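Hi there,

Here is the structure I promised to pass on to you. Have a look at it first, and then read on for my notes.

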Amino acid sequence: MTASAASAGLVPMDVGGRAGRVRAAAADAGCDAMLVTNLVNVRYLTGFTGSAGLAWLGPDELVLVTDRRYAEQVHSEIGCSGADVRIEITNDEPKGLLAAAAVGVGRIGLEATSVSWADQRKYGEWFAAAELVAAVAVVERCRQVKDAGEIDRMAAAAAIADDALAEVRPMLVEGPTENDVALALDTAFRRRGADGSAFATIVASGPNAALPHKRPTDRPIGAGELVIMDMGAVVGGYRSDMTRTMAVGEPDPEARRVFETVRDAQRLGVEQVVAGNAISEVDKACRERIEADGWGDAFVHGTGHGVGLDIHEQPWVRATAAEPLEAGQAITVEPGVYLPGFCGARVEDTVVVAHGGSRQLTRSPKSLVVA
Ligand code: ZN
Ligand code: ZN
């Protein structure tokens with residue numbers, strides 16, 4: 001078990017309860033069993049974190065198949081997870097053992113968004129007696145609502161990012177490059193016990209900040225420029241996601257207005273994060289505020305996304321998301337305005353949906369000017 005310092009003492013996760021919920025969701029999708037091959041979903045179901053393996057979720061059993069490189073790790077991790085899993089270790093194609101497990105099973109779900117054409121043909125040979133069904137986001141749907149242990153890990157990841165940013169922020173006045181700041185953040189995450197960075201840290205200054213997903217460069221951060229810093233840490237596999245926009249010294253008045261509009265929009269969006277409210281209301285609140293200041297066309301992306309074992313996962317926070325928010329979903333709210341050749345601003349928090357409101361996991365201050 002790769003328990004980092006940061007995951008010691010956290011609330012346990014209910015890994016053992018997941019198979020039953022996924023089985024019910026699979027049944028709703030018309031599947032009597034599922035072959036789970038997306039490794040993030042394998043981890044979710046079993047607790048196994050290796051880079052090769054698959055899970056068979058049959059009507060009565062959960063089987064994890066991996067190879068001999070992971071013989072020790074798989075027993076240790078599944079022992080810790082509390083999941084009821086039969087472990088099979090083989091360096092051969094597991095066709096025979098899976099065909100045996102599938103005897104009498106009529107409809108087997110394959111993960112439609114991650115199984116390649118070649119693999120689908122192979123599984124057709126493994127399960128020649130069954131009907132293969134395209135199962136769309138069955139496990140992903142179950143992953144949306146987090147238990148207390150999952151939220152505890154995300155909160156720990158968010159706290160690490162908050163502390164790392166507080167440590168690195170004063171460095172901005174020393175004239176660092178974007179890469180210097182990104183590296184300092186990544187290092188600070190690790191030093192605080194994170195498994196690593198949740199994604200490639202973004203530090204984008206001046207005109208680079210007008211590109212929403214610009215990778216950091218060797219460009220020195222200039223006085224008065226808006227700097228977008230988008231970062232997250234990982235604890236126990238769970239991620240945080242936060243963006244702050246800052247400026248070294250007072251920015252151009254127009255750039256300040258852009259920032260203040262975005263910060264305001266983000267707050268209004270977070271206010272709409274309440275269990276039972278339509279997800280689209282979060283998007284609408286952000287978008288209307290930005291449109292009111294005339295920058296609607298410069299808000300070029302969705303308002304947010306789910307976060308968890310993946311940095312981007314369901315649900316998607318956008319205008320077309322009519323479904324209600326559910327307590328325990330973890331989402332981001334991250335409006336932005338991007339003015340090509342001039343500046344950009346984005347403010348993002350990871351929040352957990354609750355009844356009557358939300359719990360904010362990322363808590364760094366949103367003040368603009370670093371003096
Ligand atoms: Zn982000
Ligand atoms: Zn995000």
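How much accessible surface does the chain have, and what percentage of that surface belongs to carbon and sulfur atoms? The total comes to about 15100 Å², and carbon and sulfur atoms account for 51% of it. Please keep in mind that this is a predicted model.

Now for the overall build. You will find 10 helices and 20 strands in the chain. Its radius of gyration is 22 Å, close to the 21 Å that the globule rule gives for 371 residues, so the chain is as compact as a globular protein of that length. The C-alpha trace spans about 70 × 40 × 40 Å along its principal axes.

Turning to the inside, 54% of the 371 residues are buried. If you take the contacts between residues at least 6 apart in sequence, 68% of them join residues at least 24 apart.

As for charge, the chain carries 36 positive and 51 negative charges.

Last, the cysteines. A disulfide is a covalent bond between the sulfur atoms of two cysteines. How many does a search of the whole structure find? The count is zero. Take Cys31 as an example: the closest cysteine sulfur to its own is in Cys142, 12 Å away, which is too far for a bond. Cys31 is also buried, with a relative accessible area of 4%.

Enjoy exploring it!

Best wishes

Note on methods:
Residues are numbered from 1 along each chain as its sequence is written. Chains are lettered from A and ligands numbered from 1 in the order in which they are written. This is a predicted model: local features need pLDDT of at least 70, side-chain atom pairs count only at pLDDT 80 or more; totals for chains, interfaces and linings use all residues. Side-chain values use heavy atoms; hydrogens and water are left out. Helices (H or I, at least four residues) and strands (E, at least two) are DSSP runs, numbered from the N terminus. The radius of gyration is taken over C-alpha atoms; the globule rule is 2.2 Å times the number of residues to the power 0.38. Buried means under 20% relative accessible area, exposed over 50%, partly exposed in between (1.4 Å probe, protein chains only). Contact means heavy atoms within 4.5 Å. Accessible areas come from the Shrake-Rupley method with a 1.4 Å probe; for residues, only the protein chains shown count as cover. Lys and Arg count as positive and Asp and Glu as negative; His and the chain ends are not counted. The place of a charge is taken as NZ of Lys, CZ of Arg, CG of Asp or CD of Glu. A disulfide is a pair of cysteine sulfur atoms within 2.5 Å.
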